[in-house]
Amino acid sequence: MNFKTSREEALKILENYVDQDISNYTAQRNFDFGPQSRKNISCLSPYITHRLISEYEVTKKVLSKHPFQKVDKFIQEIFWRVYWKGWLELRPKVWTDFVEDLKNIENSNEYEKAIKGETNIDCFNDWVKELKENNYLHNHTRMWFASIWIFTLKLPWQKGAEFFLRELYDGDAASNTLSWRWVAGIQTKGKNYIAQNWNINKFTNNRYKDLKLNENPQPIIDQREYKISPINIDNNENKSDILVFFENELAFQSFNIDSYKKIYCILLTNEERQVELGDKVLEYKKRLIKNQLKNADLKIEFIEGNKFIGLSNNEKDFDVIYPSVGENMSFLKRIIKKNNLIINYLIRNEDKYCWQFSNKGYFNFKSNIPKILSKFKLN
Ligand SMILES: Cc1cc2nc3c(=O)[nH]c(=O)nc-3n(C[C@H](O)[C@H](O)[C@H](O)COP(=O)(O)OP(=O)(O)OC[C@H]3O[C@@H](n4cnc5c(N)ncnc54)[C@H](O)[C@@H]3O)c2cc1C
C-alpha cells in the first residue's frame with residue numbers, strides 16, 4: 001500500500017474512489033482481500049485523521065455524485081468517526097485514564113511475542129507484519145486483531161491500543177481507544193466482539209482456516225463510569241495575532257488565517273508525547289506537514305512542542321485550531337497550566353454541532369445525520 005502525503009493527491013484518491021469503486025462498498029466492505037487488493041474500501045483514513053480532507057468534505061463529494069440511499073453505509077461509517085470524536089470530547093477522562101492505565105502495565109513476555117508476530121496464531125502474526133509494513137489494517141481485521149489480543153492472547157486492551165497508535169498512519173485517540181473498548185466489551189457494557197474462525201475464514205477469502213481461538217470469552221469488566229462534561233467553546237472569532245495548529249488539523253485553509261502575524265504548526269516529538277509513535281508514523285506526519293506548508297504563506301512555521309514552550313514563556317495569548325481530546329490537547333493543557341496561557345480555540349461549526357449528538361449511542365447519533373446533512377448543505 002502506498003499512502004500519499006499531499007492534499008492534492010488525497011483529493012484525487014477521493015475523486016477516483018467516488019467515481020469508480022464506492023458502489024461496491026456495502027456488499028464488499030467487510031472482506032479483507034489483502035494489502036494488494038483494497039478497492040473494496042476507500043483507504044482514506046490517514047488523510048481524514050490528519051484532516052487533510054475533512055469528514056464533511058468527503059460526505060459532500062460523495063453525495064454530489066450519488067443519491068444517499070446508494071451510499072448510506074459509507075456515509076454512516078464516516079459519521080462513526082465523527083460520533084467517536086464527539087463521544088470522547090464529552091468524556092475526556094476516558095483518554096486520560098487510558099494514558100494513566102498504560103503507566104501501570106508492565107510489558108510481559110507474551111506481549112513482546114505478540115508485537116513481534118511470534119504467537120502460534122498465523123493470521124495474527126501476518127497482521128502484525130502487515131501493520132508494521134503498511135501502517136494500516138482493514139477494519140474487520142482490526143476487530144479480529146483486537147479480539148484475539150484481548151481474549152485469546154489475554155493481553156491488556158490498553159497495550160493493544162497503544163501498539164495500534166504507534167504503528168497506524170491513521171492513529172486517532174477517539175476511533176482507536178473507543179474501538180478497543182468496544183471490542184473488549186467496556187464501551188457497550190457486557191457486549192464484547194468475538195473473533196470467530198468461520199468469520200475470519202469467510203471474510204479473508206479462505207486465507208486462514210482452523211484457527212484455535214477463544215470463541216467463548218466473557219467481556220472485560222471496567223467499573224469506571226464517565227459523566228458527560230459539556231464542550232465549552234463558545235467563540236469562533238480570531239482574537240490573538242498568533243495562530244497555532246497541530247498535525248491532526250492540517251486543513252488550516254478552512255479557517256480565516258489572513259489576519260495573523262505569525263502561524264505555527266506543531267508536531268510533538270516522542271519526548272513530548274505520552275504514547276510514543278513509531279519512526280515511520282512520525283516521518284509520515286512530517287511529510288504531510290511539509291507538503292501542506294510548501295505552497296502556503298511563509299508566515300507559517302513548522303515547529304516541535306519544545307519551541308512552543310519557549311515561545312509561551314513570553315507570548316501568553318494564542319488562537320489555536322481546536323486539536324480535540326488526545327495527545328495534542330493533553331500537551332497543550334500542560335503548557336497552559338505551566339505558563340498561564342490564554343487560549344482562544346477555533347472550532348469547526350460542523351464538529352461543534354455534530355458532537356452534541358454523541359451524548360448517547362450511535363443509533364441515536366445516526367438518526368441526526370439527515371439534520372446534519374441539511375444544516376451544512378452536504379447533500
Ligand atoms: C480496534 C480498532 C481500532 C481502530 N483504530 C482507528 C484509528 O486509530 N483511526 C481511525 O481512523 N480508525 C480506526 N478504526 C476504525 C476503522 O478501522 C478505520 O477507520 C478504517 O479501517 C479505515 O479504512 P478506510 O479509510 O478504508 O475505511 P472505509 O471503510 O473506506 O471508511 C471511510 C472512512 O470512514 C471512517 N470509518 C470507517 N469505519 C470506521 C469505524 N469503524 N470507526 C470510525 N471511523 C470509521 C474512516 O474515517 C474511514 O476513512 C479502528 C477500528 C478498530 C476495530
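User: Buried means under 20% relative accessible area, exposed over 50%, partly exposed in between (1.4 Å probe, protein chains only). With that settled, how many residues of helix H10 (residues 157-167) are buried?

Analyst: Eleven of the eleven are buried, so H10 is largely enclosed by the rest of the structure. This is a predicted model, where local features need pLDDT of at least 70 and side-chain atom pairs count only at pLDDT 80 or more, while totals for chains, interfaces and linings use all residues. Residues are numbered from 1 along each chain as its sequence is written, and side-chain values use heavy atoms, with hydrogens and water left out.

User: Which residues of H10 are those?

Analyst: Trp157, Gln158, Lys159, Gly160, Ala161, Glu162, Phe163, Phe164, Leu165, Arg166 and Glu167. Helices here are DSSP runs (H or I, at least four residues), as are strands (E, at least two), numbered from the N terminus.

User: And what do the buried residues of H10 pack against?

Analyst: Six helices: H6 (93-103), H7 (109-116), H8 (122-134), H9, H11 and H13 (279-294). Contact means heavy atoms within 4.5 Å.

User: H9 and H11 are on that list. How do the axes of H9 and H11 cross?

Analyst: The axes of H9 (residues 139-152) and H11 (residues 173-184) cross at roughly 60 degrees and come within 9 Å. An axis is a line fitted to C-alpha atoms, for helices over the stretch in contact, and angles run from 0 to 180 degrees between N-to-C directions.

User: Which residues in H9 and H11 meet?

Analyst: From H9, Met143, Phe145, Ala146, Ser147, Trp149, Ile150 and Phe151; from H11, Trp180, Trp182, Val183 and Ala184. By class, this contact of H9 with H11 has ten nonpolar residues, one polar and no charged. The classes are Ala, Val, Leu, Ile, Met, Phe, Trp, Tyr, Cys and Pro as nonpolar, Asp, Glu, Lys and Arg as charged, and the others, Gly among them, as polar.

User: Staying in H11, is Ala174 buried or exposed?

Analyst: Ala174, which lies in H11, counts as buried because its relative accessibility is 2%. Beyond four places in sequence, Ala174 contacts Trp84, Lys85, Leu88 and Ser179. Asn134 is 40 residues from Ala174 in sequence, and their C-alpha atoms are 21 Å apart.

User: Another helix pair: H1 and H4. How do their axes cross?

Analyst: H1 (residues 7-21) and H4 (residues 55-65) have axes that come within 10 Å and cross at roughly 35 degrees. Arg7, Leu11, Leu14, Glu15, Val18 and Asp19 in H1 meet Glu57, Val58, Lys61, Val62 and Lys65 in H4. The contact of H1 with H4 has five nonpolar residues, no polar and six charged.

User: What's in the loop between helix H3 (45-49) and H4?

Analyst: Arg51 is found there. Arg51 has a relative accessible area of 4%, so this residue is buried. Arg51 touches Tyr56, Asn248, Glu249, Leu250, Ala251, Arg348 and Asp351, leaving out residues up to four places away in sequence.

User: What about the phi of Arg51?

Analyst: The phi of Arg51 is positive, about 55 degrees, although Arg51 is not a glycine. Lys377 also isn't a glycine and has a positive phi, of about 50 degrees.

User: Where is Lys377 placed?

Analyst: In the segment after helix H18 (369-375). Lys377 is exposed, with a relative accessible area of 62%.

User: Back inside. Which residues touch the most other members of the largest nonpolar core?

Analyst: Phe79, Phe145, Trp149, Phe308 and Phe365, in a core of 132 residues. Helix H5 (residues 68-90) gives the most to this core, with ten residues. A nonpolar core is a set of buried Ala, Val, Leu, Ile, Met, Phe, Trp, Tyr and Cys residues joined through side-chain atoms within 4.5 Å.

User: What does Phe79 touch?

Analyst: With residues up to four places away in sequence not counted, Phe79 touches Tyr56, Thr59, Cys354, Tyr362, Phe365, Ile369, Ile372 and Leu373.

User: Last one, a strand. What is found in S1 (residues 242-246)?

Analyst: Leu243, for one. Leu243 counts as buried, at 0% relative accessibility. Leu243 touches Ile257, Tyr260, Lys262, Ile263, Tyr264, Asp319, Val320, Ile321 and Leu346, again not counting residues up to four places away in sequence. Between Leu243 and Leu346 there are 9.5 Å in space, C-alpha to C-alpha, and the two are 103 residues apart in sequence.
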